[in-house]
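Here's a quick briefing to read with the structure open beside you. We'll look at a pocket and then at some aromatic rings.

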Amino acid sequence: MDLSTVYSRLLDFADQFANSSAGSGMPVLNRNNPEEKAIAEETAIDYAVKEENYFGDLLDNKIVRSCLKSIADKYYGNQITEIKHEGVQMTKDSYPLLYATYANCCHILEIKNPPIVYITNKLRGINALSVEINNERMILISRRVAISLTTKEQAFVLGHELGHHQQGNLIGHTVNGLVNSLSDKSGIFGPMVQDAIEVPLKRWCRRSEFNADRAGFLCCKDMEAIKQLFMKIGMIESVTVYHQYKETGEDHPMLVTRLQELNRYATLIQCHI
């Protein structure tokens, strides 16, 4: 499927969706299809809270998912393949301690088919990235994550990335990456970017980060370790009104906001134990 066809179908669907009552009557994930059934089962998780705007419903539509995956494969496929070949796959032999931490995270989150993890020099600092390109599910982590973080900090990072995979929301983040990186967005998404995609997409992305943090917390179970990790990444604790305003237009919440949300979630979890 060429890009012009993908774009045309996506625009057609967006128009239909916008003119419908929250997308009613449009085809959604088919639970009888093995691949889509797996997506549905993976997204049935109790720690995630859905962002109440139409972008999440948009991503649940199989036509849209197919179109967006085609765009992602086209624009990111070669780049991800290069990173994968340059990196080192995490195994029992290559990174035994990190592998054990990862296996424990998968056990806690009940993930039966975990993504492959690659350690790469392409990511700088304390960094990690979840991708699903050309039907391959991967987690990419920087060498600093692999060799300089404590076990609990690694558990949070790995659990966070597994949370993104478990929510089944990677295609939304891929679209967000394209929206952020393209200087001329009209070439792919046209005039619907600002009005129909970008604003609700940013809100949706922030919510998915909070959800992924919850998965990371369930794997780490130590708020002090998470705070220390956020400090290493660059968290500022003195937040101004300007910071709060700017946050509303970002795809990632501020680290201090994420910590506040996690503290509330940790308290909620403890109340139910």
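For sorting residues into classes, Ala, Val, Leu, Ile, Met, Phe, Trp, Tyr, Cys and Pro count as nonpolar, Asp, Glu, Lys and Arg as charged, and the others, Gly among them, as polar. Sorted that way, the lining of the largest pocket has 19 nonpolar, 12 polar and four charged residues. Keep in mind that this is a predicted model.

**The largest pocket**

- The largest pocket holds about 910 Å³ of space.
- It's lined by 35 residues, and Asn-127, Ala-128, Leu-129, Glu-161 and His-252 are the closest to its centre.

**Aromatic pairs**

- The count of aromatic pairs comes to two.
- One of them is Phe-156 with Phe-230, an edge-to-face pair at 5.7 Å centre to centre and 75° between the planes.
- Phe-156 belongs to helix α7 and Phe-230 to helix α10, so this pair ties together parts 74 residues apart in sequence.
- Both Phe-156 and Phe-230 are buried.
- For Phe-217 and Tyr-265, the ring centres are 6.1 Å apart and the planes sit at 80°, so that pair is edge-to-face too.
- Phe-217 is in helix α9 (residues 192-220) and Tyr-265 in helix α12, so here the parts tied together are 48 residues apart in sequence.
- Phe-217 counts as buried because its relative accessibility is 7%, and Tyr-265 is buried with a relative accessible area of 6%.

Notes
Residues numbered from 1 in each chain as written. Predicted model: local features only at pLDDT ≥ 70, side-chain atom pairs only at ≥ 80, totals over all residues. Heavy atoms only, no water. 1 Å grid on protein atoms, 1.4 Å probe; cavity = no way out; pocket = protein on both sides within 12 Å on 5 of 7 lines; lining within 4 Å. Points joined across faces, edges and corners; volume = space filled by probe spheres on them. Phe/Tyr/Trp six-rings, centres within 6.5 Å; stacked < 30°, edge-to-face > 60°. Helix = DSSP H or I, 4+ residues; strand = E, 2+ residues; numbered from the N terminus. Buried < 20%, exposed > 50% of the residue type's maximum accessible area, 1.4 Å probe, protein only.
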